[in-house]
Amino acid sequence: MQPTVSTVEDPEKKKKKEEKAKEKELKKLKAAQKAEAAKMKAQQGTKGSKKKNTKREAAEENATDYIDPHTPSGEKKQLSSQMAKQYNPVAVENSWYQWWEKSNFFVADSSSSKPPFVIVLPPPNVTGALHIGHALTAAIQDTIIRWRRMSGYNTLWVPGMDHAGIATQVVVEKKIMREKQLTRHDLGRENFVSEVWNWKNQHGGTILKQLRRLGASLDWSRECFTMDEKRSRAVTEAFVRLHEEGLIYRDLRLVNWDCVLRTAISDIEVEYLDIKERTLLKVPGYKKLVEFGVLTSFAYPLEGGLGEIVVATTRVETMLGDTAIAVHPEDPRYKHLHGKFAIHPFNDRKLRIVCDAILVDPKFGTGAVKITPAHDPNDFEVGKRHNLEFINIFTDDGMINSNGGSAFIGMPRFEAREALTKALEEKGLYRGAKNNEMRLGICSRTNDIIEPLIKPQWYVNCKDMAKEALDAVMCEERKIEIIPCQYAAEWRRWLENIRDWCISRQLWWGHRIPAWYASLEDDQLTEVGAYSDHWVVARNEEEAHIRAKQLFAGKKFQLSQDPDVLDTWFSSGLFPLSVLGWPDETEDFRAFYPTAVLETGHDILFFWVARMVMLGSKLGGDVPFRKVYLHPMIRDAHGRKMSKSLGNVIDPLEVITGISLDGLHKRLEEGNLDLSELQVAKEGQRKDFPDGIPECGADALRFALVSYTAQSDKINLDIQRVVGYRQWCNKLWNAVRFAMSKLGDDYIPPSNFVYEGLPFSCQWILSVLNKAIAKTVKSLDSYEFSDAATAVFSWWQFQLCDIFIEVIKPYFYSNDPTLISARTSAQDTLWLCLDNGLRLLHPFMPFVTEELWQRLPSPRDSARKESIMICEYPTVIEHWTNEKVENEMNLVESVVKSYRSLRAELPANERNERRSAFAHCQTDEVAETIKVHESEISTLAALSSLQVLRQNDDPPAGCSVSIVNENLSVYLKLQGNINVEAELEKLKKKMEEIQKQCDNLNKMMGASGYQQNAPRHVREEDQARLEMLMQQLSLCEDATQRLGKATDASENGGNGN
């Protein structure tokens, strides 16, 4: 297979390519619109076949009236003259974003008098494409920002990209190897960095374009990149200031070393593999599989013919760097060897036997531990405690160096492992091997096995900054709140056990460390870095010369800049400062720092969040944000981590636009899976997405992701839930479409809405709207996004669509004068609900709400905002709240639910027939309520008539019965003879259920200590609940007796005839 060769496009070609892509997108949209028009035409034809007059109307209807005209990019969307009969996300989500952006709706004003609300987008890697985790971040943050913008805040949401040192360097190194068969070392540093910038300018930023597709209302005028000029200056300034305060220093310590990348890497880039027993693994650069999970024992001969001492290791090759053997001071087996020496079998090095109670467990193994201070973290500490020699035996690419001895020099480390085992056998020092559980550190970028190496590096002293960051979260007058609160404990654990932070990386892509080494003319050691006091830290080379002249007055010197770059997390840790203009006292910095909230995944709480707090507090004078919201990690529907090899990775753009199973397979084939992994991944896709992923649109995806946040740790994402919200968008669309038809073309909403005298249903929908607004705002304010989404959804679905719209239909279809007079009130209330409801929903679903809101008529004599996104967010209007009305509607709903349950028991061919019904009331109050709301009940339950019966009235025979509550039973008239046995069985089950509840309640109330310990209000509530259940039981018994009497009467009547 020939390698794919890609070349850098010239700007002209790139422009043409972009124009073609736009044309292609436009064609796709037109095709979708044509398909929609064809579907409507077909529907018109079908309807027309029923009656001649409908046929004529259908023929006259123009299908193009339902298609949006073409809108030039950036202009306000032109809407079709008629609303499409079905929701189409492609059509709805087209054009709005470009108009929002061009209209500067996203741009914050640093001179505004509004209170600021700022979020900094966690900068995605420049190498990245949008994945489902980014989509979750964008959905949550855009919901917050849109809500705050509509609530009167001066909102700023800052977009940016991270240069992603290791990730980007790896991508470009692979590219030049594939295209030119060259390594970065072949190119040289300057040419390689130039290649990376070319790649960044051509391919970087893909993810930011994709965020627009999700509707993210970021302030693009403030877009930044961690390696642009301003951010680079901030990084240099931070390094210099921290060094001047003694918080950045250079030291020789162990680091996580990747032999493929030839650099130190951060802890977050190390993944751990737990190995139970002997295991063969593929390691980059090795043809043969490498053995792990084995503990090898061998003997060191003791000096002076005292015998031998046996040690064990999982890394035999490191014995070439051993400089001591440790034993426990109280271990009697080795007391005679304290202070003695063993002799290294391959280089005759004397190994001191040291006593160390901290490291050595005398009960484990032989009780003697080989010490390799330069290649093991524990041994490193032993080396410092006992002043041992630190001998590095590896080159940067993982070969044995000259310190390892002539017999092994130049060998790759894992080949040396085999050679050393064989050599020990030949010397008679090998003592066997056995299975051993171990944890293997692996680089997440290269899959290389991490090698602890001792290297001179730059470090940040984190102790005092960590204490301040800990207090910011944990002290009484805390400056930062972490949500969910359980992660505060993790914050404490990390910061109380913090170690100094290694910020050096041996890469070429990144911020070059602003430190220069001064080689003095009279230095005996000429290697760069040989003298730790020869380093000069400065903002640039000119300043370094000035400082060096002061330090080395009268001496000749040459300066050479440290070739290393800074850890990417260092520049990321400065991001809330640098994006607002620090170190300069800019207008943005004064207006917007500190920011309001940081929203990110809980997996980088320490690596990024804690470092931002430390650096922000130290350099910015305050914590960088007031709240930290940590979202869950997304898994697949089965709870598995998303992995290309499992085939369960979900691309949010594929959910938005839809993709076939073949398309999913093709994406896998374009990756780098081997054949066996490819088969497993394809099988996984066939199981999870047998029909591919249907087109859902950005709104449905956003709403699903926000709804999932109730799962505070992990989200098990099921695409069917997204599909469900896509269908709900259609319901929303149809509800507004119905409403628009009832408002009529000439309807103008009143400037001043009059609440007094509204029909019952109108009073009710406004009262529950109030509650939905209050619940949504409260939930958003407390970062309970799932609860907020549920509150909005429930009001639209269960109260507006399922009840209110159904209840007011008679106002528009009936000629009853009393209903006609209520029509205007219903229209005004309906418009008010749509306007408030769309604004309430907008932060969650920006596209469909904008499209629908733009179709609403404007009130008379009032200036309408250009866009829903700059309207005011709904607020509670106190006089709309009406508990009495809500309680009455709750009873109406309960009655309707009971009638629907009875209807569901009918034969399928009878369920749609209207039936007469009866409500048997035990109190006058309930009877009056049912009587007053007979119309609402009959409409919602599809009844032909409803008769209210008082306590002493006998319900008619030939009815099925349902107990609504202790004061009300409902009856539905049946055709023909009633199935008494079925009705009695139903009542029996109901009575058993009620009796069980009574027994449980009696048991609890009769328990020891209940009367003394239960609060009075709880005892009263329990007693009231028991009385209610007993009344329901009595109603069931009465109904049972009536059925029995009816049966007897029927039988007796039959015998008499």
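Helix 6 (165-180) and strand 25 (565-566) each supply at least two residues of the lining of the second largest cavity; helices (H or I, at least four residues) and strands (E, at least two) are DSSP runs, numbered from the N terminus. Welcome to this predicted model, where local features need pLDDT of at least 70, side-chain atom pairs count only at pLDDT 80 or more, and totals for chains, interfaces and linings use all residues. Residues are numbered from 1 along each chain as its sequence is written, and side-chain values use heavy atoms, leaving out hydrogens and water.

A cavity here is a set of points, on a 1 Å grid over the protein atoms alone, where a 1.4 Å probe fits but cannot get out; lining residues have an atom within 4 Å of a point. The second largest cavity has a volume of about 50 Å³, the space filled by probe spheres set on the points. Among its lining residues are Gly165, Glu269, Trp509 and Asp567.

Now for two helix pairs, with axes fitted to C-alpha atoms over the stretch in contact and angles running from 0 to 180 degrees between N-to-C directions.

| Helix pair | Axes come within | Crossing angle |
|---|---|---|
| Helix 30 (residues 883-904) and helix 32 (residues 934-941) | 9 Å | roughly 35 degrees |
| Helix 21 (residues 661-669) and helix 22 (residues 675-688) | 10 Å | roughly 155 degrees |

Helix 21 and helix 22 are therefore roughly antiparallel, a term for angles over 145 degrees. Their contact (heavy atoms within 4.5 Å) includes Leu664 and His665 in helix 21, and Leu678 and Lys682 in helix 22. In the other pair, Val892 and Tyr899 are among the residues of helix 30 that meet helix 32, where Ile937 and Leu940 take part.

Terms used: On a 1 Å grid over the protein atoms alone, a cavity is a set of points where a 1.4 Å probe fits but cannot get out, and a pocket is an open set with protein on both sides within 12 Å along at least five of seven lines; lining residues have an atom within 4 Å of a point. Angles under 35 degrees count as roughly parallel, over 145 as roughly antiparallel, 65 to 115 as roughly perpendicular and the rest as oblique.
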